[in-house]
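Welcome! Here is a short briefing to read with the model open beside you. Take it one topic at a time.

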Amino acid sequence: AIRYDLEYRNKLSVGLRMEKDPGEPLLVPSQVWSVKYQQPDMLAGYVMIRQVGAVQSLILGNYRVNFGYGINLSGSQMGIRSRNGMSGMAERISPQTSVSETGFLRGLACRISLGKFSISCFGSIQNLDGNSVVYDSLTGKPISFSSIDKSGLHRSSTELSGRDNIQEKLAGGFIVYRHNWFKAGIIAIYNQFNAHQTANDRPYARFEQTGRENFITGFATTIWLPRMQFMGEISVSKNKGKALLTGLQLNPVPGIMVSFAYRNFSLDYQNHYGSGYISSGKNSDEKGIQCKLRIEMPRKYNIEILADESRSAWVSYDLASPSEKTEFRGTLEKAWPKTGSLNFSLAYINSKIENPALSEWICHTEYFSQYKIRLECRIEATEHVRFKSRIETNFTRNGVPGYLLFQDIEYITGWKDLKIWVRICQFDIRNYDNRITAYENDVQYDFSSFMHYGKGLRGILMVKLHPLSMMDLWIRFSTVYYTNKNIGTGWDEIGGCRQNEIEIQARFKWPD
């Protein structure tokens, strides 16, 4: 038979197939037409019930959980840093509404309020992507794996071979007692894999979790006193590894805020779902203290100063030596009521990196200093038109400076709640160490943080409107054009210097 296929393949594959027998002319009634359906890479959904008696929320499906200050369970929120001071102690269970394919739990979650007590509990069973999986030759079931892949990508044969091959069972709870000036809770989390997580012989992975299961307990509290707030959280994993976070915020007079935060995450603390006050990702092997001062002055002038010192006692993936990092940030802001603001910020980062000239046999480090300067202006020209401009530069003492310049234009109308957002960006960053990341508007429940490296232009057009009473629509088109390189590496390389991306999202509500 001769077969003609017309397919669009991107998660959902819909094909049009035409077949004919040998000797038959084309386009005769005996030809067979068919539509082929391929299951999407991920299906997600949830059902949520709220405010029914003592039940504050009940979720069946995909959800996220955030307990305490993020050491035990952070809900994929990398760190808890608030510009206006310390964040409150979280006991949040929320549905998974993001388009992200990782970082969520799948099962049942519930939050119950009983006077001064509240109980949050959850249970999750889902399949995860495992790396270096060994299977039983008779049953075909997994015996062991080296690590969990959290990228959510299934592009190459290697990534596809690891798709959903490890099952994880996760359960936990958070019991909280609250009073007028006091709030405290006990956290417990248990997770179990259907295969054994093997030990990695690499030095950076020496203290990572092994075996089939882990059990984590913790305690979190917040105390409010006159002009003072105290917070703390401690967590212990099954192997007796510990993580500690504590902080103090002072408001001596109106308009002045001073805060201190100390963290101490031991080498052997094991937790796949925690982050920390400052840390992101794996919150182990770090000690540090952060100090912050914010002053609100007359005429809408604000000054903010931050200093952070951190140390790691063991080797990391990209540095085969203990390390340390010092960071200073300063911000001066002037705001005009209803018209806009002007913001100037300066950052200095000094950290240890490997010295290639002295590290032939043993890793020797040297200090690496980096400076970041940003000037940003926001203007509300009219009730419907807003502008945001930014120029930013990163540079080192010996490297070539990099710069980023962009202009945002936002237009809001009353017709169908139409909102149009445009960004025009130019960047020239030849040194990877000076790369600049800038936040971008995206479809609802998602965000983009594009890393600018190289030389080129970037443009974004985003439209949001309310075409029907029950429907909201988002359309986003972005493009990037490089003048000095091709895009991507490995499986991401496209062999060209320009890449376009389009996103369309529709939300329906019933009743409207």
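Strands are DSSP runs of E with at least two residues, just as helices are runs of H or I with at least four, and both are numbered from the N terminus. This is a predicted model, in which local features need pLDDT of at least 70 and side-chain atom pairs count only at pLDDT 80 or more, while totals for chains, interfaces and linings use all residues. Residues are numbered from 1 along each chain as its sequence is written, and side-chain values use heavy atoms, with hydrogens and water left out.

**Neighbouring strands**

- Two strands count as paired if DSSP finds at least two bridges between them.
- Begin with strand S21 (residues 340–354), which pairs with strand S22 (residues 365–380) in the antiparallel sense over 15 bridges. Here Leu342 has Cys377 in S22 as its bridge partner.
- S22 is also joined to strand S23 (residues 385–396), again antiparallel, by 11 bridges. A hairpin of 4 residues connects S22 to S23, and Glu380 has Arg386 in S23 as its bridge partner.
- Moving on, S23 and S24 run antiparallel with 10 bridges, and a hairpin joins them through 5 residues. Ile391 stands opposite Leu405 in S24.
- S24 then pairs with S25 in the antiparallel sense, over 10 bridges. Their hairpin has 6 residues between the strands, and Lys416 in the turn has a positive phi of about 55 degrees.
- In S25, Phe427 is the bridge partner of Leu404.

**Loop residues with a positive phi**

- Most residues other than glycine have a negative phi, and most peptide bonds are trans.
- Ser132 is not a glycine, yet its phi is positive, near 50 degrees. Look for Ser132 in the loop between strand S8 (117–131) and strand S9 (134–135).
- Is Ser132 buried or exposed? Buried means under 20% relative accessible area, exposed means over 50%, and partly exposed is in between (1.4 Å probe, protein chains only). Ser132 counts as exposed because its relative accessibility is 59%.
- Lys240 is another residue that is not a glycine but has a positive phi, about 75 degrees. Lys240 is found in the loop between strand S15 (228–236) and strand S16 (242–250), and is exposed because its relative accessible area is 64%.

**Aromatic rings**

- Rings of Phe, Tyr and Trp (its six-membered ring) pair if their centres lie within 6.5 Å; planes under 30 degrees apart count as stacked, over 60 as edge-to-face and the rest as tilted.
- The structure holds 11 aromatic pairs. In one of them, the ring centres of Phe117 and Tyr177 are 5.1 Å apart and the planes are at 55 degrees, so this pair is tilted.
- Phe117 lies in strand S8 and Tyr177 in strand S12 (residues 166–178), so the pair ties together parts that are 60 residues apart in sequence.
- Phe117 is partly exposed, at 42% relative accessibility, and Tyr177 is partly exposed too, at 30%.
- Phe427 and Tyr482 form an edge-to-face pair, with 5.8 Å from centre to centre and 75 degrees between the planes. The pair links distant parts of the chain, as Phe427 is in strand S25 (residues 419–429) and Tyr482 is in strand S29 (residues 471–482), 55 residues apart. Both Phe427 and Tyr482 are buried.
- Ring pairs also link Phe67, Phe122 and Phe174 into a cluster.

**Charges over rings**

- A charge sits over a ring if NZ of Lys or CZ of Arg is within 6 Å of the ring centre and within 35 degrees of the ring normal.
- Lys485 has its charged end over the ring of Tyr482, 4.7 Å from the centre.
- Arg423 lies over the face of Phe406, at 3.9 Å from the ring centre.

**One more buried residue**

- Asn302 lies in strand S19 (residues 301–312) and counts as buried because its relative accessibility is 13%.
- The C-alpha atoms of Asn302 and Gly255 are separated by 9.2 Å, while the two residues are 47 residues apart along the chain.
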